[in-house]
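Please work through the following exercises with the sequence and the coordinates at hand. Each task is followed by a solution in steps.

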Amino acid sequence: MDYEVVIGCEVHVELKTKTKIFCSCPTDFGGEPNTHVCPVCLGLPGTLPVLNKKVLEYAIKAGLALNCEIAQFSKFDRKNYFYPDLTKAYQISQFDLPICKNGYIDIETDKGKKRIGITRIHMEEDAGKLVHQGNTITTSAGSLVDYNRAGVPLIEIVSEPDMRSAEEVVEFLNSLKAIIEYTGVSDARMEQGSLRCDVNLSLRPVGQIEFGTRAEIKNLNSFRSVERVIQYEIDRQVDILESGGKVIQETRTWDESKGRTYSLRSKEDSDEYRYFPEPDLPPVIVMEDYIEKLRAELPEMPKEKRRRMIEKDGLPEYDAGIITASKALVDFYDAVHTHYGDAKKISNWIMGELLAKVNAEGIELNALKIQPEQMAALLKLVDSGEISGKIAKKVFAEMFETGNNPGDIIKKQGLMQISDETALKTMIEQVVETNPKSVEDYKAGKTKALGFLVGQIMKQSRGQANPAVINRLLVEKLNSM
Amino acid sequence: MTISRLTIHELHELLIKKEISATELTKEHLDRIRRLDSNVKAYITVTDELALKQAEAVDKKLAAGEKIGMLAGIPMSVKDNLCTEGIQTSCASRMLEGFKPQYNATVLEKLKAEDFVMLGKVNMDEFAMGSTTENSAFFHTRNPWNPDCVPGGSSGGSAASVAADLAVYSLGSDTGGSIRQPAAFCGVIGLKPTYGAVSRFGLIAFASSLDQIGPLAKDVTDIALIMNAISGYDKKDSTSANCNYPDYTASLNKSIKGMRIGLPKEYLGEGIDSDVEAQVLAAASKLEDLGAHVEECSLPHTRYAMPAYYLIAPAEASSNLGRYDGVRYGLRVQAKDVASMFCETRKQGFGPEVKRRIMLGTYALSSGYYDAYYLKALKVRNLVKQDYDKAFTQYDCLITPTAPTTALRKGNNQNPLTLYKSDICTIPTNLAGIPGLSLPYGVDRNGMPIGVQLLGKAFTEPALLQVAYSLEQNTSLTRLKPNQGKGI
Ligand SMILES: [Zn+2]
C-alpha cells in the first residue's frame, strides 16, 4: 500500500533576554554549575515569580513575524510533574490561552510553494540540567543537577500537521530559524540547543482523510538528524502497518549514534500534568497599541528581504535565497554592499569563499573575524587591478584567519600584481628561451601554446603577474620573432 | 500593672518617655516565655539573642534622642511559615525541620525597617493546614484560656502567644480563617487583609490564591499600626496591589453613625453555637446603639463555599508542596533510586492532614476530573464573590460569627469533615479576597472567648477597623484576658 506521511513540529526557541523569565539571574551560557541561580529560580519556599517584560515582548515579536494573532488576554499555567531538574515540581507554561495563535510560514520546495500553519506560540521556563554519573538516570550511581538553565525563557512554537515530507520539514525549520533570527529574539541555533525540535509523525494510506496514530520524536539536535529521523520513522511505521500491526501513540527519543528511535513513554503515562492557572501570576493583558509598537519595530523578514535583493540589487533568486537564509549572512552582505556596489560580485564571494571557509571550519557567522568593510576593500583591489582574482582568494583566506586588512596583507607578503612592463619582459624572455617547442607550435598556428606560455609566466611570477599585460607583451614578442 | 499586658501604642509611650527600655521590655517577654511557654507551647524557636540585639539598637536610638517608629522595640512573634533569614522556618513540618531561608519575607524586611524585636517563631498546623494547631509535627499548642482546649489554627501559636502575653503582637497567615479563627478562640484581634494588600513574598505557600499575611494583636489600634507597617505594593509579588495605601489609624476615631451594616442570615442559625450567635446579635445591637443601621441580609451561595474551598485550596497546595522532594533542601530520605527517594521523603516528611490535602488536590486537578471539580469550584468561587459584591452595594460592612463555636476541646478532632466545618464562617472571605477582622466579644457559658467577624469590600480595612474600634471604645467585651489561674 502507498502511504502519505503527515508531520507536525513542536519547536522550542530559547529567547535571548539578558535575564531569566521570572527572576533577574543572567541567562548566559557556560557559567560554573549553579552560579546563575537565586532563591526564585531555585524554587525555594516562599519565593514568587515576576514576569520579565522582555520575554513577553520577544514572544509577541516572534508571533508577529510568524503571522500570528496576538492574544490581548492570555495567562500562565502550571504543568505539574516530578523531576529533579524541575525546582518547583511544576513548570510555569501556558496551557489553554497562549500569547499567540493561528499563524503561518510560507515555504518553497521543488514541488512548489506551500503554507504551513502555526497553531500556537506560548511562553514557558526551561528546566535545569542533570549530569548523570553513570549513563542514564536509571543506571547511574548518582546525579548532579545544574540549575543555571532553570528559568531561562523559552517559546514553544507548535505547527499544524501540514508537512508531507522531510524536505518540507527541513524547509519549514530553515524558514522558521531565519525568521526568528531576523526578529532578534533568539540566536535560534539548533546545535547549541537554542532551537530544539520535536517531530510528530504519522502515516495514512494515500487518499485517506483521517490521520493515523502518531509518534512524537524528541531529542533532535541538528537539521541532519531531523531528516534522518523522519526517514527512520517512516520506515518503522510502514513496517508495522505492512505486517498488520498498529502504531501506538507514544513519545520516542532519537539516538543519533545508533540512527534509530526508542520508545520513551506511552501516551497513558505522559499526559497527566494537572495543568491549572498559575495563581502567583496575574493574567497577561496586552494593549493593541503595544502590539502595534512591536510590529513597527520588526525588521524586514527574509521573504521581503529576498524580494528586494532580487528586484533592487539584481541578484539571482538562488543567491538571494542562500544569503537570506541567515540573518548574519544578510547583515554581512548589506554591510559590504554599503561600501561596494556590485551585488553579484559580493554574493559570489559570500557563496563561494566565505561559506566554504565557514562550513569547513565550523565557525559561527556572527563570530567572523573578517569585517564587511575589509571585504569591500578586497573587492575594490581586484577591480582596480592591484591584485588578481587568484591572489585575492589567498588574501581572503588570510583575512578570514586573522581579520587583518587586505592592503596590509598584500604589502607584507608582496602580493601586489606585477604590471611593470620591464619586469614582465624579462620573465617573457626567460620563458620563451626555455620553451622553444611551444614557440614553434605557436608559430605553426597552434594557439593553445600561447595559453601554456602565459601559464608558465604566471607560475614564475607566483601568480602576481598581470595576465592581460602578459598576454599583450607575449604576443608582441612572439610576433617579432 | 504588668507591662507584658500592654499594647503596642501603650508601650510606645513608655519607651519614648523612657519609663522603660526596649531591652527591659524584651527581657520581660523572654522571661515570661522561659517561665510560661512550657504551659502554652506557642514557640518553636525562641530567638533571644537576636531579640536582645534588636532591642539594644532601639535603646541606642532612644539614648541618642532619635525618633523611633511605633513598632520600634516592641517584642513580637512570627508564624513559622514566614521566611526569616538564617532562622529555622519549618512550617511545623518534619519536611522543613532545620530549613534556614537565605532571605526574609517582605513583611519581615518591612518590620526590620521599623526596628521591630522578634522573640521567635511560633507553632502552627503543618503547612498551615488545620484549625487546631494539632497538625504541628512538633507539639500541640494549648489555649491560654483553658489548657484542655485548642488555640485554633492554623496560626494557633500566634494567637496563643499574644493571648498569654508572650508577645505583644504576632504575624500569622490566613488561607481559610487561619488568623481569625485562632484569634477568636484565644480572645485576641486578628485581621486577614484584602488579598494583595500585604506581600506574600516569603510566605511559604499553602494555597497561593487564598493565602494572606496579617496581624494578631491586643487591640484595634495595634492592628492599624501593624497594617501601616506591613501593607503596600511589593514588586516581588505579582499579585500584590499597586495602589495607594491609607493610614490605617486615620479612621479609628470617626463615628459609625449612619453606617449600614448587614447581618447575613446564612451565618446564623443551624450549626452555630447559641452563645456565639447571641454575642454576634449583641454586638450588632450595640452597633445600632452607636448609630449604625443593622439589618439582615443574604449571601445565598455561602453553603457552597466550603466544598469549593476544599477543592481549590488542596489543588493549589498539591502543586505548591510538590517542591518538597528531597533534592535541594529540607528532609531527604535516601532510597535506591530517585523516584523512591521522592516517595520516601514525602511519605516520612508530611503528616496525615497534609497528605490528605495533597491527595484531594491531585485528584481534583487530574484529567477527566478537572472540569467536574476544580473548574466547578472556580465558578462557585465567582458566585461567592458576586454575593459579596452585591451585598456591599448596600452595606458598608457585614457582621458574622468568626467561628461556629468557641475553642474546641483538645484531642478529639480526628474527623476532618467536622473540623473543616469550623472554618465555615471564614472560608468565603478568602474565596472573595476581601478583608475580614475577628474581634473578641464576650465569653460563652464556659468562660471561653467568642469572636465576631467584620467583613468589608476589598481595601476597606479602615472601615472594619473603625467599626471594631467603636465597639472596643464602647464596651468592655473586646479586651478580654484569660483567667491567669485557670489558664497558664
Ligand atoms: Zn534566579
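The exercises below concern a predicted model.

**Exercise 1. The zinc site**

Identify the protein donors of the zinc ion and determine the arrangement of the donor atoms around the zinc ion.

*Solution.* 
1. The zinc ion has as protein donors the SG atoms of A:Cys23, A:Cys25, A:Cys38 and A:Cys41, at 2.3 to 2.4 Å.
2. Along the chain, these donors are spaced as C-x1-C-x12-C-x2-C.
3. A:Cys25 and A:Cys38 are 13 residues apart, and each is placed in the loop between strand S1 (3-14) and helix H1 (53-65) of chain A.
4. The angles subtended by the four donor atoms run from 100 to 114°, and the arrangement is therefore tetrahedral. The criterion for four donors is that all angles lie between 85 and 135 degrees. For reference, the ideal angle for four tetrahedral donors is 109.5 degrees.
5. Buried means under 20% relative accessible area. A:Cys25, with 7%, is buried, and A:Cys38, at 18%, counts as buried.

**Exercise 2. Helix H5 of chain B**

*Solution.* 
1. Eight of the eight residues of H5(B) are buried, so the helix is largely enclosed by the rest of the structure.
2. The buried residues include B:Gly156, B:Ser158, B:Val162 and B:Ala163.
3. B:Ser154 lies in the loop between strand S3 (117-122) and H5 of chain B. A cis peptide bond, with omega about 10°, connects B:Gly153 to B:Ser154.
4. Just after H5(B), B:Asp165 adopts a positive phi of about 55°.

**Exercise 3. The surroundings of A:Glu216**

Classify A:Glu216 by accessibility and list contacts beyond its neighbours within four places in sequence.

*Solution.* 
1. A:Glu216 belongs to strand S12 (residues 215-220) of chain A.
2. Its relative accessibility is 16%, so A:Glu216 counts as buried.
3. Beyond those sequence neighbours, A:Glu216 contacts several residues, among them A:Glu10, A:Asp198, A:Glu250 and A:Arg252.

Technical notes. Residues are numbered from 1 along each chain as its sequence is written. Chains are lettered from A and ligands numbered from 1 in the order in which they are written. This is a predicted model: local features need pLDDT of at least 70, side-chain atom pairs count only at pLDDT 80 or more; totals for chains, interfaces and linings use all residues. Side-chain values use heavy atoms; hydrogens and water are left out. Donors are N, O and S atoms within 2.8 Å of the metal (3.2 Å for Na, K and Ca); water is not among the atoms, so sites may look incomplete. Four donors count as tetrahedral if all angles lie between 85 and 135 degrees; four count as square planar and six as octahedral if opposite donors are over 155 degrees apart and all others between 65 and 115; anything else is irregular. Helices (H or I, at least four residues) and strands (E, at least two) are DSSP runs, numbered from the N terminus. Buried means under 20% relative accessible area, exposed over 50%, partly exposed in between (1.4 Å probe, protein chains only). Contact means heavy atoms within 4.5 Å.
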